[in-house]
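Thanks for coming. I'll take one structure today, chain by chain, and then stop at a couple of backbone details. Please have the sequence and the model open.

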Amino acid sequence: MTDVKFIWADSEPYSEWDESEMSESTDPEVMTGFGGDGEEEGPRIEFYGGRGMSAVPIAFFIVWAIAQTALWRISDTAGLIAGMLIGLIVGMFFVKGNWKTYANTIFEGMTQPVAVTAIVAWIWAGMFAQLLQDGGFVDGLIWLANVAGVGAALFPAVTFVLAAVFTTGIGTGYGSTVAFVTLFFPAGVLLGANPVVMFGAILSGAIFGDNLAPVSDTTIVSAVTQDSDIGGVVASRFKYALAAAIPAAIAYVLVGGAFSGVDVAGDAQQLLVAQSDPVGLVHLLSMGVLLVLAISGRHIVEAISWGIVVAVAANLLLGLSSVADIVSFNAPADAPLAEPLAFLPFLRIVEDPEAVGVSGSIIDGASGFFALSILVLLIIAAAQIMIRGGAFQAILDWSLENLATNVRNAELTMVGSAALINAIITINTAAEVAIGPYISKIGERFNLNGYRRANILDAQTAALGYIFPWSGGVLVGYTAMQELPAQYEWFDQSLVVNPVEVVPFVFHGWLLVAVFVLAAITGFGREYLIDRESGEVARV
Amino acid sequence: MSLLSKYFRGWSFRTTHPVLEPGKEVNVFLAEYDPSEEAAIALVGDTRLYVSNTGPEHVGKRVRVAVREFQPDDSIGYGEFVEVVGESSYAG
């Protein structure tokens with residue numbers, strides 16, 4: 001290697017590099033650069049304290065995110081936006097000379113196609129997910145569990161499978177964790193299933209869907225950051241998901257039988273019947289249409305739009321929701337044409353001034369991603385600062401010198417780095433966006449194709465987001481569980497599961513990480529660019 | 001590729017040293033430039049492919065390469081640059 005000069009992607013012509021800007025590599029001959037070649041090169045930013053200081057905005061954000069989400073258990077995306085904004089302002093004070101270049105780089109980062117693609121896909125996916133939730137999809141699954149007559153021992157395994165199906169449909173693991181903790185968890189506890197195992201099964205199902213669903217925010221980020229089509233990514237990760245899910249389901253059967261539940265006075269059957277409705281299962285069709293179209297290579301916006309059309313038709317035709325539930329203009333009575341047009345099914349006249357607005361599944365679903373959209377723009381802006389300032393290159397150089405020295409080590413590095421950042425940042429989508437460029441560069445160096453890179457990235461993101469007590473998935477489930485004593489007389493506070501206890505029982509999460517460690521070592525599922533190129537990412 | 005076959009693609013163990021087929025054209029990302037060989041190097045796993053008619057400006061780009069020769073014992077290949085076909089997924 002001593003005779004080789006490494007010149008990284010889009011590097012400046014190396015003759016133009018100042019000696020002081022050379023790599024920190026131990027090899028004096030090794031030269032590196034990142035950030036645009038010749039004509040495409042954007043302006044570089046110099047920082048007091050060296051190029052490592054360009055990581056200040058991201059580092060500040062990570063510290064903020066750990067404090068907010070891990071130490072204080074505040075799972076609030078808006079709070080992370082504040083952290084990233086302050087980080088970007090703090091970083092500016094370390095810039096040498098004119099701050100204009102730094103400011104312009106923020107815009108440059110925000111206009112990256114990666115961010116826009118993810119945001120568009122999220123908003124479409126959010127609408128679809130909300131239509132399924134409001135259309136009683138979970139009620140249909142409860143009906144299925146009830147008619148199957150499942151007992152206490154098998155209930156956690158069945159919960160895992162149904163939560164996996166539900167999350168694969170709606171894409172949001174947090175949403176299905178809340179739905180299942182609210183509806184399935186009390187029924188399972190009443191039946192005699194162990195509460196800790198039940199919670200673990202719900203989180204495992206959420207991980208499965210978060211990882212596999214084409215409408216999942218993390219699936220979308222993994223695909224777009226690795227420049228791959230979402231349908232192809234979903235199809236290619238099926239093998240890893242199954243390799244972890246089958247042993248996980250078996251483990252829930254075994255553990256469900258071995259761990260006893262708690263004696264409580266209540267009628268599980270009554271609870272299940274009260275919340276079950278087979279009609280909601282129609283959304284297996286909505287989900288199926290979307291999956292088939294996405295995997296057959298249709299543009300993701302087209303695939304989700306068809307899913308939305310089928311879900312809306314099903315909700316209206318089967319009476320699962322009204323037109324106003326889907327979209328409703330809530331107008332004040334004194335509006336000029338409110339009273340005369342009050343017969344319209346999407347117009348409501350409201351007395352309360354605070355109720356004035358537009359509501360319904362469509363707006364609720366889309367708006368659920370607004371905060372995350374702003375956050376991703378800011379994170380990508382901070383990543384761009386890191387690239388233009390040289391810290392990204394320094395981290396890459398170090399990784400290539402010390403960790404990713406061959407393809408197997410490169411894959412293990414990708415698994416480890418994605419796992420680490422997701423273990424420490426509670427909101428897994430934010431962590432995934434931050435680590436995406438790093439995974440891309442390491443994988444591209446060894447010509448791993450986009451599917452493989454996206455799969456390595458998303459498995460760790462999905463799994464680690466639902467295991468630890470500070471993980472977002474665990475926190476939303478725990479928060480929903482704390483509402484149960486107020487909802488059911490028989491639900492004692494002692495039945496609320498301590499987030500620490502559930503850690504070893506999130507079987508699918510642990511197994512998914514293990515599958516990828518083994519896949520990196522053995523080469524299972526590995527694909528190179530010469531084997532297959534991923535399809536064009538569905539950009540708009 | 002049929003819908004079903006997309007699901008069942010890649011259910012296998014892939015070597016760290018893939019074989020390159022002389023006479024075939026492949027698309028690869030170029031990882032490094034070696035001035036002494038006057039060639040860029042693509043790492044396909046741990047197989048090294050030296051690509052002639054390239055310069056430092058091609059590093060990081062996805063290029064089409066006509067494979068000319070492959071030495072399986074050393075996992076080293078040689079090929080000619082054909083054209084640039086793409087960029088890194090995160091060009092920065």
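Predicted model: local features only at pLDDT ≥ 70, side-chain atom pairs only at ≥ 80, totals over all residues.

In chain A, 81% of the contacts with a separation of 6 or more are between residues 24 or more positions apart.

Staying with chain A, the secondary structure comes to 24 helices and three strands. Its radius of gyration is 25 Å, close to the 24 Å that the globule rule gives for 540 residues, so chain A is as compact as a globular protein of that length. Along the principal axes, the C-alpha atoms fill a box of roughly 75 × 65 × 45 Å. As for burial, 58% of the 540 residues of chain A count as buried.

Now the strands of chain A. In what order do the three strands lie in the open sheet? The order is β2-β1-β3, with mixed pairing. β2, residues 347–350, and β3, residues 357–359, stand at the edges; each has a single partner strand, so one side of each is left without a neighbour in the sheet. From one strand to the next, the twist averages 30 degrees. β1 of chain A covers residues 328–332, and this strand pairs with β3(A) in the antiparallel sense over three bridges. If you want a residue pair to look at, take N330(A), whose bridge partner in β3(A) is G357(A).

On to chain B. Here there are one helix and six strands. The C-alpha box for chain B is roughly 45 × 35 × 20 Å along the principal axes. Of its 92 residues, 42% count as buried. Among contacts in chain B with a separation of 6 or more, residues 24 or more positions apart account for 52%.

Last, the backbone details. Most residues other than glycine have a negative phi.

One is N447(A), not a glycine, with a positive phi of about 55 degrees. You will find N447(A) in the loop between α19, residues 428–445, and α20, residues 450–464, of chain A.

The other is E38(B), also not a glycine, with a positive phi of about 50 degrees. E38(B) sits in the loop between β2, residues 32–34, and β3, residues 39–44, of chain B.

Is N447(A) buried or exposed? N447(A) has 27 other C-beta atoms within 10 Å, and 20 or more count as buried, so this residue is buried. E38(B) has 12 within that distance, and 12 or fewer count as exposed, so E38(B) is exposed.

How values were computed:
Residues numbered from 1 in each chain as written. Chains lettered and ligands numbered in written order. Helix = DSSP H or I, 4+ residues; strand = E, 2+ residues; numbered from the N terminus. Contact = placed C-beta atoms within 7 Å. Rg over C-alpha atoms; globule rule 2.2 N^0.38 Å. Pairing = 2+ DSSP bridges. Axes fitted to C-alpha atoms, helices over the stretch in contact; angles between N-to-C directions.
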